[in-house]
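Visitor: I am new to this structure and would like to learn how to read a few of its features. Could you take me through them slowly?

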Amino acid sequence: MRKDKLLNPKSPAKARSPWLWIGTWSMGGEGFGPHDERESLKVLHTASEQDIRHFDTAGFYGHGKSERLLSHILKTDREEYFISSKGGLVWEGRKVEYRASPENLKNQLYESLERLGTDYLDLYQLHWPDPKVPVSESIDALKELKESGIIRSWGVGNLSEFDIYTYLGGEENIPHQVHFNPIHRNFAVLHSGEKECINCVTSPFEQGLLLRGKTLAGQEGIGKNDFRNRNPYFSDLKVLVWIKKLNELLLNCPIPKTSVILMWICSQPHVHAVIPGPRKPAQLNEIIRFRKDVEKYGLLSSPEDTSILSREKTSEVIPKDIWNRLSKGP
Ligand SMILES: NC(=O)c1ccc[n+]([C@@H]2O[C@H](COP(=O)([O-])OP(=O)(O)OC[C@H]3O[C@@H](n4cnc5c(N)ncnc54)[C@H](OP(=O)(O)O)[C@@H]3O)[C@@H](O)[C@H]2O)c1
């Protein structure tokens, strides 16, 4: 993969896989079902021991709890870590509100820094465009924060093709968080930011739906207050039947499902980083196994390539019927 599409900490020596970030949304303990904070802490410490140095968070996650948890691994060797956080989305009581005016973004950044126990961020992003604030105003505020030195880079999230064309024209390699996976097939957005963006894929397992059981498991087992009840894919019969068939094909596959899905995503053109959100140690182990599988099969792409993994090699390693199913989607 091209070097200019990789984001690095100030001291990059220990960042073994700058294209693999750990997302901390579900670690905030809200909306993803029963939660044990000790397990999330273990995830963070183990990831760090495994030389994963890239972590994504947001002030919004768990009302700030994800950032506070993350602060535990930043107490030493801060410069070895690449910490990405976001502003522009806040809780107002039980409601989610957009707040991405320049002043709001600045204030939210200071709050994030305090919770994280750090005096700078490697990356600060507009979480979502605020319908009440022109995107260009939010971006100008981020640029000012970068100039002041308090953030090393600025980025965006959830932009449309139109937004990329309109607001990032003339820019190069701006980090952009893009929701993408075999169900949520956001190919056009990945492509449209080919030059302008460093595409960082969020919700690679569609909030865990892709990894659920062997039956039509959608909302099955999800509690009443689990916010994933609001994700339409969890009750979309076409999607659930497609996952069930995928699971049947995976029964005889020597590579675990988690690895297969991440391999497929990372071999798509213009995917530059992937951000899974494990909240339990066993889930993190699956992510580490994925990285091992990438090494075992020698899948990393060449420096001219537009994706993280070589598409040619990955499509040979994943059994054809599974590759085709993922590529075709529900
Ligand atoms: N910029 C944005 O707007 C935006 C939006 C969404 C996400 N993100 C970022 O992307 C990260 C990941 O997205 P996400 O949490 O929505 O979805 P995800 O990574 O697709 O799914 C996470 C959920 O999948 C389940 N899971 C099962 N096995 C897993 C494994 N081996 N690894 C990871 N998860 C496993 C867990 O739920 P169960 O335990 O219930 O099975 C977990 O909570 C977030 O943490 C956040 O940093 C950013």
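This is a predicted model: local features need pLDDT of at least 70, side-chain atom pairs count only at pLDDT 80 or more; totals for chains, interfaces and linings use all residues.

Visitor: At what angle do the axes of α8 and α9 cross?

Guide: The axes of α8 and helix α9, which spans residues 281-296, cross at roughly 60° and come within 9 Å. Angles from 65 to 115 degrees would count as roughly perpendicular and those under 35 degrees as roughly parallel, and α8 and α9 are therefore oblique to each other. As for handedness, α8 passes α9 in a right-handed crossing.

Visitor: Which loop holds His 270, and is His 270 buried or exposed?

Guide: His 270 is found in the loop that runs between α8 (257-266) and β10 (273-275). A residue is called buried if 20 or more other C-beta atoms lie within 10 Å of its own, and His 270 counts as buried because it has 21 C-beta neighbours inside 10 Å. The phi of His 270 is near 65°, a positive value in a residue other than glycine.

Visitor: What is the phi of Asp 51, and where is Asp 51 found?

Guide: Asp 51, although not a glycine, has a positive phi of about 60°, and it is found in the loop between α1 (37-49) and β2 (54-56). With 13 other C-beta atoms within 10 Å, Asp 51 is partly exposed.

Conventions:
Residues are numbered from 1 along each chain as its sequence is written. Helices (H or I, at least four residues) and strands (E, at least two) are DSSP runs, numbered from the N terminus. A residue is buried if 20 or more other C-beta atoms lie within 10 Å of its own, exposed if 12 or fewer, and partly exposed in between; C-beta atoms are placed from the backbone. Axes are lines fitted to C-alpha atoms, for helices over the stretch in contact, and angles run from 0 to 180 degrees between N-to-C directions. Angles under 35 degrees count as roughly parallel, over 145 as roughly antiparallel, 65 to 115 as roughly perpendicular and the rest as oblique. A crossing is left-handed if the near helix is turned anticlockwise from the far one by less than a right angle, and right-handed if clockwise.
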